[in-house]
Amino acid sequence: MEYNIPKLLQKKRKTIIELWIKNQLSEAGLREELISNEEIRQQSEELVDSFVSNLTNENINDVYSTDFEGVIEILSGISITRARQGFTPRETGAFIFGLKEALLQLLQQEIKDDKEVLYNATLQLNRLLDSFSIVTFETFIKGREEVILRQTDEITEISTPVIRVWDGILALPIIGTLDSARTQVVMENLLQEIVETGSSIAILDISGVPAVDSLVAQHLIKTVSATRLMGAECIISGIRPEIAQTIVHLGIDLSNIITKATLASALKFSFQSLKLEVKKVQSVKAVV
Amino acid sequence: MEKIPILKMGPFLLVTIQVDLYDRLALSLEADLVQMVNKTNAKGVLIDISAVSIVDSFMGRIFGNIAGMCKILDAETVVVGMQPAVAITLIELGLPLTGVHTALDVEKGMKLLTEKVNIDTDGDEPEDDDNNPV
């Protein structure tokens, strides 16, 4: 008996989808909160339709055939969405391997009499689906990397806010380690803000910096010098005792930089140099 | 040849650089300024570089030189309106311009100069004369 694998698969499209969905639903860690059965069915149908309708006797051996572009596109789409939704690699892997399972089951049922045909068809489909799995994983990882990159950008953005604490006083709390790239961002933001607000004092609060080594200190000194060149004064505050110890042990000279232990004392100093005074309001009784 | 005007304002000299400085222009500015400080017996020099967008190490050195020379002639130098990019460049070049006073804009620079000159002339005398009504 002659078998035409693509024709057979096209004819048994429904069965494949059912088998596949059954495989997916029986998977132990199915994430019902992330994806509904409806969605699974829709994704599976779309993929199987695209696969079986593009499969011919010519391209069944050629995984790089342009006929599969549509399939790969759908797969990439599903994979990237799953990466963003927070599926684990195992779940995404189970999704695509479930299809292979379903196809092989079907072949086993249909081709009973000819072991050689069965073997060849299995081999061909295996090869094809393995290549699809690789694509799925590549896009899955790409999706995850995009998420990581976006988060990195966000962290850099979030972690360098310039706060206007008073007319003419800016504060810049630095949280996390200062490296060259970050210093650059911090410095640019600070200087830009100084120009925009016409502030004459900037407070650099380093209470959120876990450790200060000579490189970090050098970055700090650079920022302070640049601020000074702009015509504003820069105070470094939030120096923890351990950091003071490290600075002295490393032999870093911060003597020509104004340093304060806390943001509060830095603010107090700024008020003094701006000739401002903070007063307690006399209670009403005392006045009357 | 192009020249950068040096304006006299009371005891101060005001220089606003409106063009991009090239080496020879900067050198002639340096010479003219020192001549002018000497001639007018100025107490302070205010250099506005808000329109300067490009500096190199040479320019940084010229600013430092001007400040040093004026100091010898008993005049304070204030550089005002430096752009962020310029400040970062100078720092990266390792020229923190020590000895040069800086201010955000001309107004603040003038105030700073007045304070400096007043302190210098008055010596130890306190300037806050409005705080002690008799």
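Is B:Leu97 buried or exposed? B:Leu97 is buried, at a relative accessible area of 6%; buried means under 20%, exposed over 50% and partly exposed in between, with a 1.4 Å probe and protein chains only.

1. Basis. This is a predicted model, in which local features need pLDDT of at least 70, side-chain atom pairs count only at pLDDT 80 or more, and totals for chains, interfaces and linings use all residues. Residues are numbered from 1 along each chain as its sequence is written, chains are lettered from A and ligands numbered from 1 in the order in which they are written, and side-chain values use heavy atoms, with hydrogens and water left out.

2. Domains of chain A. Chain A splits into domain 1 (5-153) and domain 2 (163-273). The bounds come from an automatic or database domain assignment. The C-alpha centres of these domains are 55 Å apart.

3. Overall form of chain A. Along the principal axes, the C-alpha atoms fill a box of roughly 105 × 55 × 35 Å.

4. Make-up of chain A. The chain holds 11 helices and five strands. These are DSSP runs, numbered from the N terminus: helices are H or I with at least four residues, strands E with at least two. Of the 288 residues, 41% are buried. Among contacts with a separation of 6 or more, 73% join residues 24 or more positions apart. Contact means heavy atoms within 4.5 Å.

5. B:Ala75. This residue sits in the loop between helix H2 (57-72) and strand S4 (76-80) of chain B. B:Ala75 counts as buried because its relative accessibility is 3%. Neighbours within four places in sequence aside, B:Ala75 contacts B:Val37, B:Ala42, B:Lys43, B:Gly44 and B:Cys70. B:Thr89 is 14 residues away along the chain, and the two C-alpha atoms are separated by 27 Å.

6. B:Asp74. The loop between H2 and S4 of chain B also holds B:Asp74. Its phi is near 65°, a positive value in a residue other than glycine. B:Asp74 has a relative accessible area of 48%, so B:Asp74 is partly exposed.

7. Back to B:Leu97. This residue lies in the loop between helix H3 (84-92) and strand S5 (101-103) of chain B. B:Leu97 is not a glycine, yet its phi is positive, about 50°.
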